[in-house]
Amino acid sequence: MPTAITNGRSVIEDAHIYDLVCVGFGPASLAIAVAIHDQAISARVLYLERQREFRWHGGMLLPDTKMQISFLKDLATLRNPRSHFTFLNYLHSKDRLVAFTNLSTFLPLREEYNDYLTWCASHFEDDVRYGQETLEITPGHATSGPVQSWEILSRDVVTDQRTTVQARNIVIAVGGKPRMPATLSEASLHPPIIHSSAYSTTIPKMLAQKRSACHAAIVGGGQSAAEIFNDLQSRFGKVSVTLYTGDSALRPSDDSPFVNEIFDPHRVDEFYDLPENAQKDTLHRNRATNYGVVRPELLDRLYELMYHQRLHEPDESKWQHKIMPRTAVVGYDQPADGRARLKLKNTLDGSISLSETAFDWIIVATGYVRDAHVTMLEASKDLLETGKYDVGRDYKVRYRKDAVADGCGIWLQGCCQDSHGVGVIKHPSIVSLD
């Protein structure tokens, strides 16, 4: 590959023009790869992935945690039950199909589903460049007329070497960036403030190095916060855990059959055609399916753990593990010993107090921001039809008709909830069908 000099850096230029480049190689891009394979589409396709190997939510692969959606909503089954890439065929290939049926469940362990996705990804290794972080996407070098292709600049996460590739079409499916509360995002490294997405790759190692009792705070009231709260007290006896949530209680997720129909593929069409105010109202009504909620069986487990403490100690202030409702974390105070006391706001009366406990770690489980495309596409902002990254029903970014040629475009995945509904965030099966 030829090398050019850009802004003082050497940049490797890939001379190929790809029909499609997918930025990110998680479930959405993997579903696209499977669909292209199953339909025997002849195309030059490349996938760029920041991680150095395939791994799905690696920071939250906790022991005994299960999927929240049916395995039938995998990468292929709803589109083509005969596909090689169904979850059932994966089980068959691993000689576990019969044993799995004896479990009588639609919800496999999360670590098994990660293995399924990794198995699928292994079929496309020749088309994936791991360890490549995409920095920007710019219009191709055309002397005049509409954009005919795009140029993708990426960097090797190990060597920092820059590379450019060209493509007629691009899918951006990089997932979300950890959302850190502004009051905690500027904190120093002591004590560590860790997002839940890095929990299982950091906290267990730190705890293994601790010989004395320690204290951890969890900020958040959703599934991730509850799973971490359960995991810490189940596996690490020397840690005391306090979970803070601004809500009045941990609330159950709703996956009852009628509510679950909002994830049916045809519901995307219905949602997309709604007026904007109706879309916002529908998203608000559907929050209990996915945001700030906990699966009922985990809530039952946590309540039993709390009750067991009450059995032996009526005074809640003396419990090793605590859930503090109506308490928002709004800052921290760091004493000389490197631990932190949290500034707490009572969400009922607005009063501010300081936590009695000084924490060794603060684990933030406050979700994700899904706007990575805005930075990547800055160079083509002037070509947008409305000045915003609006997408069509097919997820294609709406550029002006005179600005981008037919057969050339950019599609967004994993960040279109406002226009397509909650299903496109939670279910890769919808991507495969679309």
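**Figure 1. Confidence along the predicted chain.** The chain has a mean pLDDT of 90, and 92% of its residues reach 70 or more. Here pLDDT is the predictor's confidence in each residue, from 0 to 100. Among the elements, strand β1 (residues 3–6) has the lowest mean pLDDT, 54. Helix α2 (residues 87–93) has the highest, 98. Helices (H or I, at least four residues) and strands (E, at least two) are DSSP runs, numbered from the N terminus. Residues are numbered from 1 along each chain as its sequence is written. This is a predicted model: local features need pLDDT of at least 70, side-chain atom pairs count only at pLDDT 80 or more, totals for chains, interfaces and linings use all residues, and side-chain values use heavy atoms, with hydrogens and water left out.

Figure 2. Helix α6 spans residues 199–209, and its buried residues are Tyr199, Ile203, Pro204 and Leu207. Seen down the axis of α6, these residues fall within an arc of 95 degrees, so they line one face of the helix. The arc is that of the directions from the helix axis to the C-beta atoms. The face turned away from the buried side carries the exposed residues Lys205, Ala208 and Gln209. Buried means under 20% relative accessible area, exposed over 50%, and partly exposed in between (1.4 Å probe, protein chains only). What covers the buried residues of α6 includes β9 (193–195), β10 (214–219), α7 (223–235), β11 (239–244) and β16 (361–364).

**Figure 3. Helix α6 against helix α7.** The axes of α6 and α7 come within 12 Å and cross at roughly 30 degrees. That makes α6 roughly parallel to α7 (angles under 35 degrees count as roughly parallel, over 145 as roughly antiparallel, 65 to 115 as roughly perpendicular and the rest as oblique). Axes are lines fitted to C-alpha atoms, for helices over the stretch in contact, and angles run from 0 to 180 degrees between N-to-C directions. From α6, the contact is made by Tyr199, Ile203, Pro204 and Leu207. From α7 come Ile228, Asp231, Leu232 and Arg235. Contact means heavy atoms within 4.5 Å.

**Figure 4. Positive phi at Asp64.** Asp64 lies in the loop between β3 (45–49) and α2. Phi of Asp64 is near 70 degrees, a positive value in a residue other than glycine. Asp64 is exposed, with a relative accessible area of 65%.

**Figure 5. Positive phi at Ser104.** The loop between α3 (97–101) and α4 (110–122) holds Ser104. Ser104 is not a glycine, yet its phi is positive, near 55 degrees. Ser104 counts as exposed, at 68% relative accessibility.
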